[in-house]
Amino acid sequence: MRKALAFAYDAAGYLAAFFVFGIFVLMIAQTVMREINLPTGGTDDLVAWFCAAAFFLALAHTFRHGDFVRVTLLIERLGPDPRRIFEATSLAIGTVFTGYLAWWAVRYVYESWKYKEVSTGVIIVPIWIPQLSFSVGAVLLFIAVIEQLVIVIRGDRPLYVTAAEERHARGDYSEDI
Amino acid sequence: MGLIEIAGLLLFFMLLLLAGGVWIAMTLAIVGFAGLALFTGTPPGKNLFTAFWSSGASWTLAALPMFIWMGEILFRTRLSREMFDGLAPWLDRIPGRLMHVNILGCGIFGSVSGSSAATCATISQVALPELMKRGYDEKVALGSLATAGTLGILIPPSITMVVYAVAADASIIRVFLAGFIPGLILMVLFSGYIVAWALANPEKTPPAGPPMSFMAKVRASGNLIPVTLLIVLMVWVLVKGIASATECAAYGVLGSLAIAWWSGSLTWRNFIDSLMSATRVSCMIMFILAGAAYLSLAMGFTGIPRALAEWVGSFGLSPIALIAALAVFYIVLGMALDGISMIVLTAAIVLPMIQKAGFDLVWFGIFIVLLVEIAEVTPPVGFNLFVLQNMTGKDSNEIARAALPFFGMLVVTIAIITVFPQVVTWLPDVVMGAEKK
């Protein structure tokens, strides 16, 4: 079960990276096409949807990697036991929020599909197709947060803490702005 | 309950969540939800979807992963080594000698990188061991690297500026252009301090290296060709109108990939690592932006920003007093928060206030970027301090003390742009024409 989940998060993460690469290719292609007077209508829409897909699909992967910023000033000064209570509380709040987000991400896109809503830009497609990245990404994030909550309740340290520690111990600060 | 009291209540709730360690992006959205659900009749769920979807599916925001990826690629090349070798021969005769490589190196790297921590890490990984080997003063070396690294977000391109422009709905290119001159002023001030320090403490600067002939210096400068070409490429596609400010980021990636390929560091592994890293960092920032977008939307429905702006207006603060108060507020905020969160957290409230007081949004962008730079070197949370702490094993508070004189130069720059706002607005006005009001 754990393995299957880890595979799902990472697969979505790699797919997100593929969309980042896609933005790069589209932007270069658009400028070249403009120079040789080819029509570029719709590229802007595609870039925007790729950007959304890159964002939403990477959520769970990024969360587990410990890249989401939080204020650790207080909790890093706590002993292991109070710290666990704070982690569990944060994760419980996170579970409620991401659950709510996932619920709306699925419900809204389902309605887009049911009422056959189409996009408003140059490219006309059913809007649920690009929006699907939101539903998938939000549901994966929800599951990832629950998984860490279970880990903390069982008494282990959450993955996002150990992953960030390992990265900083290697001297890798490239993921902090 | 009046709007001001509601605002205070929501603020207290937000600080509680933040201090407890709830992720910043989620905190923003949760507070937004509370504002909508408790104090307005607007359905919170549908608005949550719309705010998140429209923040994510944004053509402007697509520049963000590109600028981040570019930095990630360059971080994995030999660029900083080459820059050190190319710059050092020219600076060896100035008081302070190679210490100036820190400033100039960060300034030049800042014009291809949009991140402060990445600039600091990239330049320090070469400059710091070289300076220590030659016996330079460690305190000044650390202080100058920590602070000059922040030039990465003041000299365009800048990830922080992209975030600000999106949050403030200002033109990215104008904010980019506005950063140039303050960036140069800051570099002059940094180098000026090093010169003054070196003249006051002559015994602390090691002797110059063996003299080099002029031609040898020029040959050594050949090392600067890759980074120069990259800057030229990005400016050229912009000026020729081939690419917009957003698309110019993709050319930055193209140029960086070319540099990596030319220097042989473009392995498959480096390529995937840099791409994945960029994807995660972008995701983190976009999550904060989406949460902030939802919070702004919610605030708009409650009417709090307008009420607060009027409330602050009722004190009759002069514009200078308002700016001074905001500067202190952001310096305090910057102790605990990172720059991106600082900007998006306050945008919904502070921007209406600023516009009401008659300040230009582009000018305020540079003002806030300078304060974010200060935040990067103020403990306990300052990313440039963390970078150097990790590299040297020194305590971050010690590094922060070493950075104090340079911190002063940042404050001086803020004073300069406040007294002479033209240094910020002149360049964008000349290049783009005066802004339509």
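Colleague: Which residues of helix 3 of chain B are buried?

Modeller: B:Pro44, B:Gly45, B:Asn47, B:Leu48, B:Phe49, B:Ala51, B:Phe52, B:Trp53, B:Ser55 and B:Gly56. This is a predicted model: local features need pLDDT of at least 70, side-chain atom pairs count only at pLDDT 80 or more, and totals for chains, interfaces and linings use all residues. Residues are numbered from 1 along each chain as its sequence is written, chains are lettered from A and ligands numbered from 1 in the order in which they are written, and side-chain values use heavy atoms, leaving out hydrogens and water.

Colleague: Why is helix 3 of chain B called largely enclosed?

Modeller: Buried means under 20% relative accessible area (exposed is over 50%, partly exposed in between; 1.4 Å probe, protein chains only). In helix 3 of chain B, 10 of the 13 residues are buried, so the rest of the structure largely encloses it.

Colleague: What makes B:Arg280 and A:Asp67 a salt bridge?

Modeller: You need a side-chain nitrogen of Lys or Arg within 4 Å of a carboxyl oxygen of Asp or Glu. Here the closest N and O atoms are 3.5 Å apart, so the pair passes. The count between chain B and chain A is three salt bridges.

Colleague: How do you know how much area is buried between chain B and chain A?

Modeller: Buried area is the accessible area (1.4 Å probe) that two parts lose on being put together, summed over both. For chain B and chain A that's about 6,100 Å², with 77% from carbon and sulfur atoms. B:Trp23, B:Phe49 and B:Trp53 supply 14% of the area chain B buries against chain A, more than any other three residues.

Note on methods
Helix = DSSP H or I, 4+ residues; strand = E, 2+ residues; numbered from the N terminus.
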